Amino acid sequence: MTTITDRLALAQYRISQAAKNSLREPDEVKLLAVSKTKPNSQIIDAYKAGQRLFGENYVQEAEAKILSLSADYPDIEWHFIGPLQSNKTKIIASRCDWMHTVDRQKIALRLNEQRPDTLQPLNVCIQVNISQEASKSGVNAVDVLSLAQQIDALPNLTLRGLMAIPSAHVDSHTATEELAALQQLYQSLAAQYSSVDTLSVGMSNDLELAVAHGSTMVRIGSAIFGARD
Ligand SMILES: *Cc1c(COP(=O)(O)O)cnc(C)c1O
């Protein structure tokens, strides 16, 4: 039977192979373990295997997990990677270390206002809609730089970079084009802001392609914790 420890090691191995194939250093790519829908016991298993970065998608679930685990595991870094309604920003501002899905100024302003003074600034990524599908969340590429400027002006937020979810079921040519455009946008943002060091892209099924296009943080769920119901 494969364990979480085995599957974490395999994910790290895939990352390091993908990095080497692109002439990158393996430690340029962080592994965010996406634990949504999975119980605390599996997060603890991954923690005991050395994992420290965890990602959650749903506000109430994230809050409950953070409240129950943070006393015993204070060095877990919690990342929120799901869609966020503006009436839930306070929970994320007060409980999380990172927020990957900022897609409008209103959310940024609320997170900034609600970030407790006792905590370091919240690390944020702008979610970019790289597939041009109307239904997808995230800002269009043309609007990224103005939102970046607005976020950069807020003292309780630190602009760290971009996050994207490539469209599913597209052919590899389209996926490659989307990721290449994302990488170019990321590089122009990083050239303007010294705080920008994170390109959050790549999941269980496409981490190799994402690492080949400059990903610095892959978000891996099912390959570590198994399929979700
Ligand atoms: C669920 C989820 C992941 C992880 O997906 P897997 O295919 O299970 O690796 C990554 N990013 C986001 C935004 C997600 O919602």
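Colleague: Which elements each supply at least two residues of the lining of the largest pocket?

Modeller: Helix 7 (172–192) and strand 8 (217–220) do. Helix 7 gives the most, with 3 residues. This is a predicted model: local features need pLDDT of at least 70, side-chain atom pairs count only at pLDDT 80 or more, and totals for chains, interfaces and linings use all residues. Residues are numbered from 1 along each chain as its sequence is written, and side-chain values use heavy atoms, leaving out hydrogens and water.

Colleague: What makes a run a helix or a strand?

Modeller: Both are DSSP runs, numbered from the N terminus: helices are H or I with at least four residues, strands E with at least two.

Colleague: Why is Lys36 called buried?

Modeller: Buried means under 20% relative accessible area, exposed over 50%, partly exposed in between (1.4 Å probe, protein chains only). Lys36 has 15%, so Lys36 is buried.

Colleague: Where is Lys36 found?

Modeller: In the loop between strand 1 (30–34) and helix 2 (40–48).

Colleague: What makes a residue a contact of Lys36?

Modeller: Contact means heavy atoms within 4.5 Å. Leaving aside neighbours within four places in sequence, Lys36 is in contact with residues including Gly55, Tyr58 and Arg228.

Colleague: Why does Gly55 count as buried?

Modeller: Gly55 has 0% relative accessibility, so Gly55 counts as buried. Gly55 lies in strand 2 (residues 53–56).

Colleague: How far apart are Gly55 and Ile81 in sequence and in space?

Modeller: They are 26 residues apart in sequence and 6.2 Å apart in space, C-alpha to C-alpha.
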